[in-house]
Amino acid sequence: MVSSYYSLPQSRNDFTEPPSLLSRIIASLPGGVTAQMHRLWDRHSSDPVLSYTHRVSRSLRQTRWTWNPRQLLSLPHLFVAIWVAILLWGERWVFESSIKACDWKTWERWPKEATPHHLVFLADPQLIDPHSYPDRPWPLSTLTILHVDNYLKRSYIQLSKTLHPDTLFFLGDLFDGGREWKTAHGSTQDPSWANGLRPSGEQKHVESWGKRYGEDFWLREYDRFGKIFFDFWNLGGDQPGAWQRGRKIITSLPGNHDLGFGDQIKIPVRNRFEVYFGEGNRVDVIGNHTFVSVDSVSLSAGSSNRPKEETKEIAKPVEEFLANVQVTKRKAVARELSFQAGEEKYLQYDHKVEDSDSADYSHLPTLDPGASGADLPTILLTHVPLNRPVGMPCGPNREHWPPSPPPKGQNGPVYPDERNAITIAKGYQYQNVLSEEDSIKLVSSVGNVVSVFSGDDHDYCEITHPANKNNAREITVKSMSWAMGVRRPGFLMMSMWNPIGPDGQPLHYSSTGHGALDTHTSTTTESHLCLLPDQLSIFIRYGLLLAFTLITLIIRAITVPILNLPRFSSVPLDYELESILPSTNKDLKQRESRDIDHKSSNSSTSSTSSNLGSNLAPRSSAVRTRSGSPANGYGLPSSQVRNATPPLVNSASYIGNGSGNAERWSREEDFGRGRKIYDSVIGRPRKESPLGVIWREIWMSIWRVAWLVGGVYLYLVKWG
């Protein structure tokens, strides 16, 4: 009671803090109200004993239930294990197995002593951006970008790590909307004559694109491209294959989604692309073959319907390149041969002073060996495929439509076969094939073209051109992105082995084993189409497994109360906290009833205890202060009472009349500051209806599978 504060101290160290005003007000209330206020305050006060004890008890119980062996081997956890295996397969292993199936050794047919140069063509990655699906809402648009980028990254990582090519060529369309984003300098507005040519789905977004996406956005897209492809180029090591000069990745060939097409190309957009990726027109000598990359989308401006003066600036660089490409080829080959011979050729000029008007510029030193110089097999690279007759079949590797079955009695392929062919068509900013004029011009200007590799179509196509295109074999490479309309994306692998002498002449020929149709087909290269996983089928498998998981867990939950099966969810409990000392008459009566039951069931023990209790002195009802103690010192012999330790109970006094009927419990510490010590947290099973059990089983089992599987999936998605 509050009055105990005014009792005389028992020692100089005995101090009792005076009660607060709130404590006095509570103490003045009727006894039942005071006790109830104490109980409510203890349950909701900041004192951590109650809440901490309750939480720890429930947490420990839940932990024991969760890690119980029966729980770990339950059906929901079995589904978790299945889901983790399926996710690892769909997000990792399927890419690894697809690439391993394309290992060089599984399809190369070179002699044992051969040291081929390994090259890979990647076409149309076409990074998804706001131009791709302008009407697709968030977050679906963001998820599309995330999943397509992850697909490209996983495929490329396995390509770099497993195949480790010496050279990698991109065949254009690195971005999807690269041509649409404004440049820091120059005008990128559509010309007036192009108004109305855009599809209606694009036209309504042009104004917002111009305001929201500019140079900074393009640079972020460039960085995004680099994080997918450049960062993992040396993942399998930076050393080239045996007897190869080095490793290189070439991304300079532009596509119509990078620059535009023909007369609609904007010079500032092309300049920006070439600054970061390199010039689109170039010559490279790789693996004793000459690769000529041509900016065919700019070349097409010269054959458009616009006046020549309007397209002159667009087509000028590529036309100048083609006018001198054979000289450039001979110089590159001569430089390569001198390197292989251990020499280094460089230009030397006479040191003399001449008048610019009289100087002779016609006999300047040059590295061009002339028309008699060595020439290696030439491979032409163009984003847009060369022209071909309508309905020319693409062969059995085309995914969209396989070859039409031939009529009865016909052994050869159906021709024309328009379903299996590239459609000859054009539209806004695209043209499926180059014009016949530009195609012939390309092949004749470059010279000695034995193979052509192109992109743009997104599907595989392999044909052999007629004599006016040097009977060259052309392969249109599949897109490596699953968002480009093909279920099985892919890339093309090419193995080159062309041993040559100091004069550049070949030393060895071998059959490719691919059924070459004519004498112009190169015998120094072999190619293989490598197919990537079917991402849509992976998602379909996820969906089927999700439906199976939900149905199975629901059926199991329904059968739990019917068949009395072991529960997956823990049984809900109603928690009660019991204190050491009673705080109300109701608590006292409950404890007395439990004590009576306990005594009646343990009579022999009670009789023994009564004998022992004769040596214990009951507390006097007159004792009202915390200094009060039994006369005999709580059962100590009389000789030891004087030296007995003072009682440890200093904060509460049990006031009784000796008959076992408690009158009240006095709590002396200040209300709100004291700590009520609880003996235990008692949890009693809550009665549930069958529907309640079913719902709890459904919720707990699905939630357990969902958060575990979701965490694994988010980890795999986040880290590609």
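Lysine 329 counts as buried, at 3% relative accessibility. Buried means under 20% relative accessible area, exposed means over 50%, and partly exposed lies in between (1.4 Å probe, protein chains only).

The model is predicted: local features need pLDDT of at least 70 and side-chain atom pairs count only at pLDDT 80 or more, while totals for chains, interfaces and linings use all residues. Numbering runs from 1 along each chain as its sequence is written, and side-chain values use heavy atoms, with hydrogens and water left out.

## Salt bridges

Side chains of opposite charge can pair when their charged atoms come close. A salt bridge here is a side-chain nitrogen of Lys or Arg within 4 Å of a carboxyl oxygen of Asp or Glu. The structure holds 29 of them.

Lysine 329 bridges to aspartate 375, N to O 3.8 Å. Lysine 329 sits in helix α14 (residues 325-340) and aspartate 375 in the loop between α14 and β6 (378-382), so the contact ties together parts 46 residues apart in sequence. Helices (H or I, at least four residues) and strands (E, at least two) are DSSP runs, numbered from the N terminus.

Glutamate 474 pairs with arginine 388, with their closest N and O atoms 3.2 Å apart. Glutamate 474 belongs to strand β11 (residues 473-476) and arginine 388 to the loop between β6 and β7 (426-427), so parts 86 residues apart in sequence are tied together.

Aspartate 534 meets arginine 487 at 3.0 Å, N to O. Here two loops are joined: aspartate 534 lies between β13 and α16 (535-563), arginine 487 between β11 and β12 (490-496), and the parts are 47 residues apart in sequence.

How exposed are the partners of these pairs?

| Residue | Relative accessibility | Class |
|---|---|---|
| Aspartate 375 | 38% | partly exposed |
| Glutamate 474 | 0% | buried |
| Arginine 388 | 4% | buried |
| Aspartate 534 | 14% | buried |
| Arginine 487 | 36% | partly exposed |

Salt bridges also form a network, which links Arg179, Glu180, Asp190, Arg198, Glu202 and Lys266.

## Disulfides

A disulfide is a pair of cysteine sulfur atoms within 2.5 Å. By this rule there are two. Counting bonded cysteines along the chain, the pattern is 1-4, 2-3.

Cysteine 102 bonds to cysteine 530, with the sulfur atoms 2.1 Å apart. The torsion about this S-S bond is about 90 degrees, so the disulfide is right-handed. Cysteine 102 lies in the loop between α5 (75-100) and β1, and cysteine 530 in strand β13, so the link ties together parts 428 residues apart in sequence. Cysteine 102 is buried at 5%, and cysteine 530 is buried at 0%.

Cysteine 394 joins cysteine 461, S to S 2.1 Å. This link is left-handed, with -75 degrees about the S-S bond. Cysteine 394 is in the loop between β6 and β7 and cysteine 461 in strand β10 (residues 461-464), so parts 67 residues apart in sequence are held together. Both cysteine 394 and cysteine 461 are buried.

## The sheet

Strands of a sheet pair through backbone hydrogen bonds, either parallel or antiparallel. Two strands count as paired if DSSP finds at least two bridges between them.

Five strands build an open sheet in the order β3-β2-β1-β12-β13, with mixed pairing. The edges are β3 (248-250) and β13 (525-531), each with a single partner, so one side of each has no neighbour in the sheet. From one strand to the next, the twist averages 20 degrees (axes are lines fitted to C-alpha atoms, for helices over the stretch in contact; angles run from 0 to 180 degrees between N-to-C directions).

Strands β1 (residues 117-122) and β2 (residues 167-170) run parallel and share four bridges. Which residue in β2 is the bridge partner of leucine 122? It is phenylalanine 170.
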